[in-house]
Amino acid sequence: AAEAQAIAAQMSEIIRCGGSDAGIAAMHDPAQPFGSSRLGIHVFENTIIVADNREPELIATSYAEVQDLTEETMWPRIVAAADAKGDAMLKWYHYDTEAVYEYRCYSEWAVAPSVLVMVCRCPSQTFGP
């Protein structure tokens, strides 16, 4: 949890200082910790993923209507977590193994209410293979 919060704070600071473009560039800058992190790091602008370290195919996807495996829309949980600087619980597949996990996704506003940073971790497999 502390690692997720620290990475989110670092990305948020980059965005606050240089805008979303700076956050996008930092995501894959080898001098930054984001691209090589084992955590899933996401930057959203108004529900749309603009940077993602693990699943670049999600870039330009709006999370406004995306449901996780609970069949509930994820965006309201992500926003509520950012409002509280806390975790959104999202049931999703592991990036590498495709095992189903309940991710704890620390979320915070880099620039409220338009730019949100979310850092996900999967501490344990909680839902079958």
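Visitor: Which exposed residues does the face of H3 turned away from its buried side carry?

Guide: Exposed means over 50% relative accessible area, buried under 20%, and partly exposed in between (1.4 Å probe, protein chains only). Helices (H or I, at least four residues) and strands (E, at least two) are DSSP runs, numbered from the N terminus. Here, that face of H3 carries Pro76, Asp83 and Ala84. This is a predicted model, in which local features need pLDDT of at least 70, side-chain atom pairs count only at pLDDT 80 or more, and totals for chains, interfaces and linings use all residues. Residues are numbered from 1 along each chain as its sequence is written, and side-chain values use heavy atoms, with hydrogens and water left out.

Visitor: Which residues of H3 are buried?

Guide: In helix H3 (residues 75–84), the buried residues are Trp75, Ile78, Ala81 and Ala82. They lie on the same side of H3 because they cover an arc of only 125° around the axis, the arc being that of the directions from the helix axis to the C-beta atoms. Among the elements that cover them are E1, E3, E4 and E5, where contact means heavy atoms within 4.5 Å.

Visitor: What is the phi of Glu98, and where is this residue placed?

Guide: Most residues other than glycine have a negative phi, and most peptide bonds are trans. Glu98, however, has a positive phi near 65°, and its place is in the loop between strand E3 (87–93) and E4. At 59% relative accessibility, Glu98 counts as exposed.

Visitor: Which residues does a cis peptide bond join?

Guide: Ala112 and Pro113 are joined by one, with omega about -5°; Pro113 is in the loop between strand E4 (100–111) and strand E5 (115–121).
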